[in-house]
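Open the model in your viewer and keep the selection tool at hand. The tour goes stop by stop.

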Amino acid sequence: FLLAMAMFVLVVDTSLMNVSISAVVRDLDTTVSGVQSAIALEALVSAAFILIGGKVGDLVGRKAAYVVGLLGYAVGATAMTLAQSLTAVIVFWAVVGGIGASLLLPAMQSLIHGNFEGGARMKVYALVGAAAAIAAAVGPLLGGFITTFVTWRLGFALEVVVIAVVLAGIRLVRDVPYTGTPGVDLVGAMLSVVGMGGVVLGVLVWQEGGEFVGALMVMGVVAIVGLGFWLVRRKRRGRPALLDPDLFRSALFQVGVSQQCLQQIALGGMMIALPIYLQMVLEYNALQAGLSLAPLSLSMFAVALIAGKRAGRRRPSAVVRWGFLLLAIGTALLIPLVPRAEFGWALLVPLAVAGTGLGLLVSQLNNYTLSPIPEARASEAASVNSAAGSFGLSLGLAVAGAVMLAALSAAFTS
């Protein structure tokens, strides 16, 4: 339950920020592109450091990494409660909070993998998925209500309260010791940061009209490829590596990690492009935007809850396939409909279809991806899985947000 509450905070944090964009822009006297960049940067920092975060958990203990990650997220939420400028949001919420997430996510998955087995593990993953779905459902609605009638700052203050409750009961969580070979791979760590950071940072720089966009993206791709060669070389020489490249010998793991990235690209894209459209074009306030997104979040919550209760009755692979099929159908319906929509509820059907697909995915995709991994490699596998998800989320937020703002700018100019 405590692990599920942490996932709740992670998801509600971003959804609250998305639905409150116009209010944050007004209160901090900044721009939509600035806030959108901060949202993408938070996911980017999480993705760039998450492999390092998993290794830190191996060295200092998964439970300790989990606690430090929660504290980092608490710092970010506290900063949002008190922020008076975009700079504070970027430094404390995006950077410090992103580093907190990079410690928290792999540690949480390792604690689940090490504390539960078989059907119990499937049910816990489903519970965590349901918590994410509840947060996705509550975040836009509660955030919209609080932002419209009180202030968006209160929502982040409530996050701090939830984190305090989790930390108060942390003694109930049993630590999972690392059984692999301890060691530090500084070159691998640097390549992972430059690789995942370079690609998304290139998109953000392009959005702001900066230079060296191509160089940043090429640098990121080269670093990712270089990381692969470096890990294989370290493995052959018997030296400690950032992660074990043999993880990718499992076809199931390869597919699962790729699917995690794709799922988060779709989710990140929808959760930034739709709020921007609703608030900038239809001129909705935060509550109206949250209500318009309710079909997505509520269907995601309901389906994840039902799928969690039925965990074990269906093969995870079958659930995942149906999830992607429905997500693809919902997204395909949204693309031509959004520019023609004159009110938010016109998006009800495609959002409900996409939410149903996402609900199936969040209930079983983690279990599907990590099921073939032995206990000794669980933390590394969880880190790679989380890194793929965070990278996909940051890429979806950056690309979809940049494209939406560029399209709106062109439309408003013409």
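Where does glutamate 283 lie? Select it: glutamate 283 sits in the loop between helix 10 and helix 11. Helices here are DSSP runs (H or I, at least four residues; strands are E, at least two), numbered from the N terminus.

Before moving on, note the ground rules. This is a predicted model, in which local features need pLDDT of at least 70 and side-chain atom pairs count only at pLDDT 80 or more, while totals for chains, interfaces and linings use all residues. Residues are numbered from 1 along each chain as its sequence is written, and side-chain values use heavy atoms, with hydrogens and water left out.

**Stop 1: two positive phi angles**

Stay on glutamate 283. Its phi is positive, about 60°, although it is not a glycine. Most residues other than glycine have a negative phi. Glutamate 283 counts as exposed, at 65% relative accessibility. The classes are: buried, under 20% relative accessible area; exposed, over 50%; partly exposed, in between (1.4 Å probe, protein chains only).

Now select aspartate 29, in the loop between helix 2 (21–28) and helix 3. Aspartate 29 is not a glycine either, yet has a positive phi of about 55°. Its relative accessible area is 70%, so it is exposed.

**Stop 2: salt bridges**

How many salt bridges does a search of the whole structure find? The search finds 3. The criterion is a side-chain nitrogen of Lys or Arg within 4 Å of a carboxyl oxygen of Asp or Glu.

Select arginine 26 and aspartate 27. Their side chains meet in a salt bridge, at 3.8 Å from N to O. Arginine 26 is exposed at 58%; aspartate 27 is partly exposed at 39%.

Next, select lysine 235 and aspartate 246. Their closest N and O atoms are 3.4 Å apart, in a salt bridge. Lysine 235 lies in helix 9 (residues 213–236) and aspartate 246 in the loop between helix 9 and helix 10 (251–280), so the pair ties together parts 11 residues apart in sequence. Lysine 235 is partly exposed, at 39%. Aspartate 246 is also partly exposed, at 30%.

Arginine 249 is exposed, at 70%. Shared partners join Lys235, Asp246 and Arg249 into one network.

**Stop 3: arginine 234**

Go back to helix 9 and select arginine 234. Is arginine 234 buried or exposed? At 12% relative accessibility, arginine 234 is buried. Beyond its neighbours within four places in sequence, arginine 234 is in contact (heavy atoms within 4.5 Å) with Val184, Asp185, Arg239, Pro240 and Ala241.

**Stop 4: the largest cavity**

Select Met7, Val11, Gln264, Leu267 and Leu393. Of the 37 residues lining the largest cavity, these are the closest to its centre. Its volume is about 700 Å³. A cavity is a set of points on a 1 Å grid over the protein atoms alone where a 1.4 Å probe fits but cannot get out; lining residues have an atom within 4 Å of a point. Helices giving two or more residues to the lining include helix 1 (2–19), helix 5 (86–115) and helix 14 (378–413).

**Last stop: confidence**

Colour by pLDDT, the predictor's confidence in each residue, from 0 to 100. The protein averages 82, and 92% of the residues score at least 70. Confidence is lowest in helix 6 (residues 118–149), at a mean of 76, and highest in helix 4 (residues 62–82), at 90.

Definitions and conventions:
On a 1 Å grid over the protein atoms alone, a cavity is a set of points where a 1.4 Å probe fits but cannot get out, and a pocket is an open set with protein on both sides within 12 Å along at least five of seven lines; lining residues have an atom within 4 Å of a point. Grid points are joined across faces, edges and corners, and a volume is the space filled by probe spheres set on the points.
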